[in-house]
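Welcome! Here is a short tour of one structure, written for someone meeting it for the first time. Have a look at the picture, then read on.

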Amino acid sequence: MATSLDDVRRRIDALDSQVVGLLAQRERLVRAAAAFKSDEQGVRAPARVEQVISRVRALATEQDASPEVVERVYRAMISAFIDLELTEHHRTAAPDND
Ligand SMILES: C=C(O[C@@H]1C=C(C(=O)O)C=C[C@H]1O)C(=O)O
C-alpha cells in the first residue's frame, strides 16, 4: 500500500526502469523484423497490429488493467515502432525496392 505521493512516484520510477528495459528488447525485435519484409505494406502489417491489440486487450482484462488504456498505449507504441521499422527498412532495402 502506498503511503504518500513520493512513495507512489518512487514505485512508478522503479516500474519505468523495467518498462524501458522491455521497450529496448521490443525495439531490437522490431528492427529484426524489418529484415524479413519486402515492402512498406509488409512493414505496416495492419492485420498483425490488430492481432496484437486484441491479445493485449485480453491480457489487460485478465490482469485487472483497463483494456482501453492498454489499447491506446499499444497503438501509440506500435505507431512509433512502425516509423522506426520504416527507417530501418529504407536503410537496408535494395535501392530499387519501394
Ligand atoms: C514487428 C512487426 O512490424 C510492425 C510492428 C508491430 C509491433 O510493434 O508489434 C506489429 C506489426 C507491424 O506494424 C511485425 O510485423 O511483427
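A residue counts as buried if 20 or more other C-beta atoms lie within 10 Å of its own, as exposed if 12 or fewer do, and as partly exposed in between. With 16 other C-beta atoms within 10 Å, Ala45 is therefore partly exposed. Keep in mind as you read that this is a predicted model.

**Confidence**
- The protein chain has an average pLDDT of 93, and 95% of the residues score at least 70.
- Within the protein chain, α3 has the highest confidence, with a mean of 98, while α4 has the lowest, with a mean of 94.
- For the model, the ipTM is 0.98 and the pTM is 0.91.

**Overall build**
- The protein chain contains 4 helices and 0 strands, and along the sequence these follow the pattern α-α-α-α.
- The radius of gyration of the protein chain is 17 Å, well over the 13 Å that the globule rule gives for 98 residues, so the chain is more spread out than a compact globule.
- Taken along the principal axes, a box of roughly 60 × 25 × 15 Å holds the C-alpha atoms of the protein chain.
- Of the 98 residues in the protein chain, 3% count as buried.
- An unreviewed UniProt entry carries the annotation "domain: Chorismate mutase", which covers residues 1-89.
- Over residues 1-89, the chain is 84% helix and 0% strand, with 46 Å between the end C-alpha atoms.

**The helix α1**
- α1 has 30 residues and reaches 42 Å from its first C-alpha to its last, close to the 44 Å expected at 1.5 Å a residue.
- Why does α1 lie largely in the open? Of its 30 residues, the number buried is 0, so α1 lies largely in the open.

**Around the ligand**
- Which residues surround the ligand? They are Val30, Ala33, Arg44, Ala45, Arg48, Val49, Val52, Ile78, Phe81, Ile82 and Glu85.
- At least two residues of this shell come from each of α1 (5-34), α3 (46-62) and α4 (67-92).
- α4 gives the largest share of the shell around the ligand, with 4 residues.
- Sorted by class, the shell has 8 nonpolar residues, 3 charged residues and no polar ones.

**Two loop residues with a positive phi**
- Ala45, one of the residues around the ligand, lies in the loop between α2 (40-44) and α3.
- Although Ala45 is not a glycine, its phi is positive, at about 35°.
- Asp64 is in the loop between α3 and α4, and its phi is also positive, near 65°, in a residue other than glycine.
- Is Asp64 buried or exposed? Asp64 is exposed, because it has 6 other C-beta atoms within 10 Å.

**After the last helix**
- Ala93 lies in the segment after α4.
- Ala93 counts as partly exposed because it has 17 C-beta neighbours inside 10 Å.
- Ala93 and Ser38 are 55 residues apart along the chain, and their C-alpha atoms are separated by 7.8 Å.

How values were computed:
Residues are numbered from 1 along each chain as its sequence is written. This is a predicted model: local features need pLDDT of at least 70, side-chain atom pairs count only at pLDDT 80 or more; totals for chains, interfaces and linings use all residues. A residue is near a molecule or strand if its C-beta atom, placed from the backbone, lies within 6 Å of it. Ala, Val, Leu, Ile, Met, Phe, Trp, Tyr, Cys and Pro count as nonpolar, Asp, Glu, Lys and Arg as charged, and the others, Gly among them, as polar. UniProt positions are given in the numbering used here, feature names are shortened, and annotations may be inferred rather than shown by experiment. pLDDT is the predictor's confidence in each residue, from 0 to 100. The expected span of a helix is 1.5 Å times one less than its number of residues. The radius of gyration is taken over C-alpha atoms; the globule rule is 2.2 Å times the number of residues to the power 0.38.
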